[in-house]
Amino acid sequence: MPFWDKLRESSQTMQTQLLSKKNELKSGAFRDASMAMCALVAAADGSVDPSERQRTASLIASNEVLQNFQADDLQRRFNDYVSKLTADFAFGKVSVLQDIGKAKKKPAEARAVIQIGIVIGGADGTFDDDEKAVVREACFAVGLDPAEFEL
């Protein structure tokens with residue numbers, strides 16, 4: 001099976017898993033960690049161009065699990081995280097990973113945050129090495145083994 005087919009199938013499976021837990025994923029820690037993850041994946045290569053920002057914002061707005069939260073609040077939080085990362089990627093990444101780490105207390109939320117990162121990373125048909133690397137770092141921040149997600 002070609003890599004992109006496997007990636008698409010994996011993203012669809014993760015989205016299905018996320019939907020099955022939608023009612024459990026309503027905490028502020030999950031909301032913040034999810035937006036931090038989205039920004040981290042978008043900025044994985046050290047920058048976020050306007051089209052990438054728009055594509056990620058569209059994915060956030062259309063994600064059924066994230067519809068537990070107000071869209072304008074999610075957008076504001078995502079933009080705040082992107083601003084931190086684009087101002088100083090290394091320093092911003094430390095701060096963003098700390099917020100992702102807040103999901104560690106609830107394993108279901110921690111897994112969901114990682115799955116959202118993978119879904120966002122693979123949405124354009126490629127899940128590149130920079131995106132995989134930041135999702136792997138996020139796994140460590142929430143206390144999960146990256147191998148569980150084939151990272």
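This is a predicted model: local features need pLDDT of at least 70, side-chain atom pairs count only at pLDDT 80 or more; totals for chains, interfaces and linings use all residues.
User: Is E150 buried or exposed?

Analyst: The backbone of E150 has a positive phi of about 60°, although E150 is not a glycine. Its relative accessible area is 64%. Exposed means over 50%, so E150 counts as exposed.

User: What percentage of the residues of the chain count as buried?

Analyst: The cut-off for buried is under 20% relative accessible area. The chain has 151 residues. Of these, the share that counts as buried is 46%.

User: Nice. How many cavities of 30 Å³ or more are found in the whole structure, and what volume does the largest cavity have?

Analyst: The search covers the whole structure and finds 1 cavity of 30 Å³ or more. The volume of the largest cavity is about 60 Å³.

User: Which elements give two or more residues to the lining of the largest cavity, and which one gives the largest share?

Analyst: The lining includes V41, A42, E52, R55, T56, L59, I120 and G121. Two or more lining residues come from each of helix 2 (28–42), helix 3 (50–62) and helix 6 (107–122). The largest share is 4 residues, and the element that gives it is helix 3.

User: How many charged residues are in the lining of the largest cavity?

Analyst: Among the lining residues are E52, R55, D124 and E131. Asp, Glu, Lys and Arg count as charged. Beside 5 nonpolar and 2 polar residues, the number of charged residues in the lining is 4.

User: Let's look at E131. Is E131 buried or exposed?

Analyst: E131 lies in helix 7, and this residue also lines the largest cavity. In sequence E131 is 87 residues from A44, while their C-alpha atoms are 5.3 Å apart in space. The relative accessibility of E131 is 6%, and because the limit for buried is under 20%, E131 counts as buried.

User: How are helix 2 and helix 3 oriented to each other?

Analyst: These two helices pack with their axes 10 Å apart, and their crossing angle is about 150°. The crossing of helix 2 and helix 3 is right-handed. Angles over 145 degrees count as roughly antiparallel, so helix 2 and helix 3 are roughly antiparallel.

User: And how is helix 2 oriented to helix 6?

Analyst: The crossing of helix 2 and helix 6 is right-handed. Their axes come within 9 Å and cross at roughly 30°. Angles under 35 degrees count as roughly parallel, so helix 2 is roughly parallel to helix 6.

User: Last one, on V119: how far apart in space are V119 and L59, C-alpha to C-alpha?

Analyst: V119 is found in helix 6 and, at 16% relative accessibility, counts as buried. L59 is one of the residues that line the largest cavity. V119 and L59 are 60 residues apart in sequence, and in space their C-alpha atoms are separated by 9.2 Å.

Note on methods. Residues are numbered from 1 along each chain as its sequence is written. Side-chain values use heavy atoms; hydrogens and water are left out. On a 1 Å grid over the protein atoms alone, a cavity is a set of points where a 1.4 Å probe fits but cannot get out, and a pocket is an open set with protein on both sides within 12 Å along at least five of seven lines; lining residues have an atom within 4 Å of a point. Grid points are joined across faces, edges and corners, and a volume is the space filled by probe spheres set on the points. Buried means under 20% relative accessible area, exposed over 50%, partly exposed in between (1.4 Å probe, protein chains only). Axes are lines fitted to C-alpha atoms, for helices over the stretch in contact, and angles run from 0 to 180 degrees between N-to-C directions. Angles under 35 degrees count as roughly parallel, over 145 as roughly antiparallel, 65 to 115 as roughly perpendicular and the rest as oblique. A crossing is left-handed if the near helix is turned anticlockwise from the far one by less than a right angle, and right-handed if clockwise.
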